[in-house]
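Morning, everyone. I'd like to walk you through a structure that may be new to you. Please have a look at it first.

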Amino acid sequence: MTDTLTPPDLLTRPTSDQLREHAHHVRELIVHMCSNGEGGHIGGSLSLADILVTLYFDVLRVDPADPADPDRDVLLLSKGHGGIGLYAVLGARGFFPEDDLAGYGTPGSALSAHPTPAVPGVEMPTGSLGHGLPLGVGFALAARLDDAPRRCFVVLGDGELQEGSVWEAALSAGAQGLDGLVAVVDRNRLQITGGTEDVVALEPLADKWRSFGWAVREVDGHDVDALRSALGTTPHEPGRPTVVIADTVKGKGLPFIEGQVRSHYARLGEAQKKRALSALRRGRQAEVRS
Amino acid sequence: MTAVTGQVVSRASREAYRDRLVTLMARDERVVCLDSDTGLFTGVDFGQAARRYLNLGISEQNLMGSAAGLARGGRMPFVNTMAAFASSRAVEAVKIDIALNRVPVRIVATHGGLSAGHLGPTHHCLEDLAVMRALPNMTVVVPADASATEELIAQSLDHDGPVYFRLGRHATAELGRGGPVELGRAQRLAEGDDVTVVACGTEPVRFALEAADELAAEGVRATVLNTHTVKPLDAEAVLDAASTTRGVVTVEEAWRAGGLGSAVLEVLADAGLAVPVTRVGVADRFVSGTGKHLGLLARAGVTTAAVADAARAVVSGR
């Protein structure tokens, strides 16, 4: 294993506790968005929060003031239904005013359930599953043709891995040796009708990726230290694309929906919102004490 | 392959495209040749541009998505596959990754129409004109010969947004007429004030010209338009011809629903121009059974005789 990339500026890197605080704030923003009129994909956005916070606040070379910087790293949210999770992180990171999140789901807002590039910081429209990794292959090929150190991170849902196009791209990335490409699997083990292993089993998942020519790392997807160590040091093997399988909990942070199928989509009423926010607060307090 | 039979020069549009692409890659760093194991580039020497030839294997969804990513990364990918795979198998990636993002991807689809011949209905593609035309931002081009293919491919470098090129498989006759070809502009190949024939593609344009010759011998004069750019259709040329003749015949190597004939009807209806229109194209069925390209086209009812008959009917008011 080699760590070939140095973070952009060690002095400006956030502490792990700062990352956890950002993640807590992002979860609050997600809860607020789900209490708007339309509701939202709450479970899969909460499972993503620590992954996206680690990427946007610590790993990605991006500039909120210049989102089209040609030298930037690219993040593609292939599980586009995690849109509100992405919006919360982009807002918190300063790609647009956090207040704009209040417009989510309202007519005229760019913030629809699935993200489009009308939202500052969003690279490509996603939502139909199985599109992110082929796009990522293209971004990584372009970076390689430019001899540029740009990296492309593709965040996938685990249920999404049932789409064949993911494996077309995985095979192709392995064959091309695209070590500028990093896939992150939000392994929350749930899809709409049940557990992934009951619907269409994915295990042994790490072996599948390995056999496609990828360097595989499995981490606790809610441990920002583990995430920053895995995501900030790619490629883990030169000449191979990297996949980080992040073990997560759907609905993380809200004990009354954690790990439940019904957490997929929710519209929170006022009472539920208050309950959710206080649950997040208690969770954060416990985290700070420990 | 270039063959000379009598005075008629024949070339395969896909080979003409391939040769031109190699020269374009040599002089334009943006151009990337993205292949899906088509075999079209076997033995080709890309010279200094060899890094920009990428064979992603047999994975058309991945191909279209990767092309979009490459395009966003500053390149201009020419994506190579068969028409059937571009416009059916991979169409969601074409729609979302390429058309929605309006990225400069050129989809070069060979074996269009029935040109796959005995390969059968899995490899025939009679839906692409309708499918690609339905996608916003997509330009749809069906060159009528190899020279026009080369020219339109080269012109596409200056075009914003995605382009779908439908090419054939075998060598076809060079038109040798019509003057310069220009992306987005119809070519007037014959002038007449009795009937307008609008055609796209190698065989349909040839059938239109042969029918015009037949009609001329009977004293019926036809205007023949080669609408190589099916989308955006040159509405001005179509309306101009339709309003100065007694009616319109469209000719295409595609299912009649949604293709060139439909595009012409849309232009006429939108302009409020009520003229008789007959669409010569493939009926609403699969073309099964073994056969060569022209035999299958004849079986499907797309022939010079069908065009001439339709034109006679328009002129006689039947």
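Let's start with the core. This is a predicted model, and its largest nonpolar core has 193 residues. Which residues have the most contacts inside it? They are A:I30, B:V197, B:A208, B:V307 and B:A311. Helix α2 of chain A, residues 42-59, gives this core its largest share, eleven residues. As a general point, nonpolar side chains tend to be buried together in soluble globular proteins.

Take B:A311 from that list. Leaving out residues up to four places away in sequence, B:A311 touches B:V195, B:V197, B:A211, B:L215, B:V220, B:A222 and B:V249.

Now, the two chains together. On the chain B side, 24 residues are in contact with 19 residues of chain A. Two elements of chain B give two or more residues to that side: α2 (60-72) and α4 (91-99). The most comes from α2(B), with nine residues. By type, the chain B side has eight nonpolar, ten polar and six charged residues.

Next, chain A, beginning with a helix pair. Helix α1 (residues 16-34) packs with helix α9 (residues 270-289) of chain A. Their axes are 10 Å apart, and the angle is about 175°. That makes α1(A) roughly antiparallel to α9(A). From α1(A), the contact uses A:R20, A:H24, A:R27, A:E28 and A:V31. From α9(A) come A:K273, A:A276, A:L277, A:L280, A:R284 and A:E287. What types are these residues? Four are nonpolar, one is polar and six are charged.

On to the sheet in chain A. Five strands form an open sheet with parallel pairing, in the order β1-β2-β3-β7-β6. The edges are β1 (74-77) and β6 (215-220) of chain A. Each has a single partner strand, so one side of each is left without a neighbour in the sheet. On average, neighbouring strands are turned by 20° against each other, direction ignored.

Look inside that sheet. Strands β2 (residues 152-157) and β3 (residues 181-187) of chain A run parallel and are joined by six bridges. A:G157 stands opposite A:D186 in β3(A). Helix α4 of chain A, residues 132-145, packs on the sheet and touches β1, β2 and β3 of chain A. Its direction makes about 170° with that of β2(A). Helix α8 (residues 224-231) of chain A lies across β3, β6 and β7 (242-247) of chain A. It runs at about 165° to β6(A).

Chain B has an open sheet of five strands as well, in the order β10-β12-β11-β14-β15. Here the pairing is mixed. Where are the edges? They are β10 (187-190) and β15 (277-282) of chain B. Again, each has a single partner strand, so one side of each is left without a neighbour in the sheet. Neighbouring strands of this one are turned by 25° on average, direction ignored.

Strand β11 (residues 195-199) of chain B runs parallel to β12 (residues 222-226) of chain B, with five bridges between them. One bridge pairs B:V198 with B:L225 in β12(B). Helix α9 (residues 260-271) of chain B lies across β11, β14 (248-255) and β15 of chain B, at about 140° to β14(B).

Last stop, a loop. B:T244 sits between α8 (235-243) and β14 of chain B. B:T244 is partly exposed, because 13 other C-beta atoms lie within 10 Å. Its C-alpha atom is separated by 49 Å from that of B:R52, 192 residues apart along the chain.

Technical notes: Residues numbered from 1 in each chain as written. Chains lettered and ligands numbered in written order. Predicted model: local features only at pLDDT ≥ 70, side-chain atom pairs only at ≥ 80, totals over all residues. Contact = placed C-beta atoms within 7 Å. Helix = DSSP H or I, 4+ residues; strand = E, 2+ residues; numbered from the N terminus. Nonpolar A, V, L, I, M, F, W, Y, C, P; charged D, E, K, R; others polar. Core = buried A, V, L, I, M, F, W, Y, C linked by C-beta atoms within 7 Å. Buried ≥ 20, exposed ≤ 12 C-beta atoms within 10 Å, placed from the backbone. Axes fitted to C-alpha atoms, helices over the stretch in contact; angles between N-to-C directions. Parallel < 35°, antiparallel > 145°, perpendicular 65-115°, else oblique. Pairing = 2+ DSSP bridges.
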